[in-house]
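Dear colleague,

I am passing on the structure we spoke about, and my notes follow directly below it. Please read them with the coordinates open beside you.

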Amino acid sequence: MERSYNGWDDLFKREFVKPYFVQLKSFLVEQYAAKRVYPPKRLILNAFDNTAYDEVNVVILGQDPYYNPNQAMGMCFSVPQGVDVPKSLVNIFAEIKSDTGKPSEIVGGDLTPWAKQGVLLMNTVLTVEAGKPNSHKDKGWEIFTDAVISHLNARPRGMVFLLWGRNAYQKKELITNPQHLVLTAAHPSPLSAYNGFFGCKHFSKTNEFLAKQGKCIRW
């Protein structure tokens with residue numbers, strides 16, 4: 001039985017047959033067979049499995065998956081229940097509390113509740129070799145995630161793009177339709193959060209924008 005992709009079918013089926021993706025798939029088959037790669041194969045497209053195309057309200061872009069054991073789950077910044085909350089996510093939660101005046105509703109580090117509200121948690125590269133950040137950079141994933149952003153950009157209903165850090169900011173040129181809100185800031189990593197992530201107020205600004213559509217993200 002052919003898999004359904006939660007409303008992403010038209011885009012995915014078009015991209016999956018292109019030469020770059022066929023080459024990427026061959027690379028991944030070799031990598032998963034010979035090395036430890038994250039996330040598990042069944043979770044590579046987890047962000048899309050949890051957020052239907054028609055329901056996207058917000059896009060948060062990460063770099064590539066966590067590269068330590070048991071962390072990566074196919075959604076940027078998110079980790080499974082029971083796994084220690086990474087420092088970048090700790091900083092995200094701190095900004096939510098500072099910005100909105102109340103703590104995040106997330107328990108632990110699993111951001112699936114955000115995804116179910118229409119927050120697409122997409123890394124710019126969807127796989128990584130264990131212990132080697134950016135190891136799957138320039139293998140084709142960037143072309144795929146560019147196509148995702150361009151596909152969303154063409155959608156008539158406005159959404160919010162949260163671009164944190166240099167890798168995410170480079171995608172800004174793909175977002176050209178004026179109905180969308182694009183917010184940029186430093187990455188929430190401990191190395192850069194004090195350079196513009198803290199105090200960015202992206203969470204309240206997002207909900208101010210979405211309120212015009214009768215929507216609100218419960219952060």
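Contact here means heavy atoms within 4.5 Å, and the model to which this is applied is a predicted one.

With that cut-off, and leaving aside neighbours within four places in sequence, F93 is in contact with V85, S104, I106, G108, L111 and W114. F93 has its place in helix α4, which spans residues 87–100. Its relative accessible area is 16%, and because buried is taken as under 20%, F93 counts as buried. V119 lies 26 residues from F93 in sequence, and their C-alpha atoms are 15 Å apart in space.

W114, when its neighbours within four places in sequence are again left aside, is in contact with I60, I92, F93, I96, S104, I106, V119, L121, R218 and W219. The largest nonpolar core has 70 residues, and W114 is one of those with the most contacts inside it, a group that also includes W8, F48, I60 and F144. In soluble globular proteins, nonpolar side chains tend to be buried together.

Turning to the helices, the axes of α1 (residues 9–16) and α6 (residues 141–153) come within 11 Å and cross at roughly 150 degrees; angles over 145 degrees count as roughly antiparallel, and α1 and α6 are therefore roughly antiparallel to each other. Their crossing is right-handed. The contact is made by L11, F12, R14, E15 and F16 on the α1 side and by F144, A147, V148 and H151 on the α6 side, and by class the contact of α1 with α6 has six nonpolar, one polar and two charged residues.

Best regards

How values were computed
Residues are numbered from 1 along each chain as its sequence is written. This is a predicted model: local features need pLDDT of at least 70, side-chain atom pairs count only at pLDDT 80 or more; totals for chains, interfaces and linings use all residues. Side-chain values use heavy atoms; hydrogens and water are left out. A nonpolar core is a set of buried Ala, Val, Leu, Ile, Met, Phe, Trp, Tyr and Cys residues joined through side-chain atoms within 4.5 Å. Buried means under 20% relative accessible area, exposed over 50%, partly exposed in between (1.4 Å probe, protein chains only). Axes are lines fitted to C-alpha atoms, for helices over the stretch in contact, and angles run from 0 to 180 degrees between N-to-C directions. Helices (H or I, at least four residues) and strands (E, at least two) are DSSP runs, numbered from the N terminus. Angles under 35 degrees count as roughly parallel, over 145 as roughly antiparallel, 65 to 115 as roughly perpendicular and the rest as oblique. A crossing is left-handed if the near helix is turned anticlockwise from the far one by less than a right angle, and right-handed if clockwise. Ala, Val, Leu, Ile, Met, Phe, Trp, Tyr, Cys and Pro count as nonpolar, Asp, Glu, Lys and Arg as charged, and the others, Gly among them, as polar.
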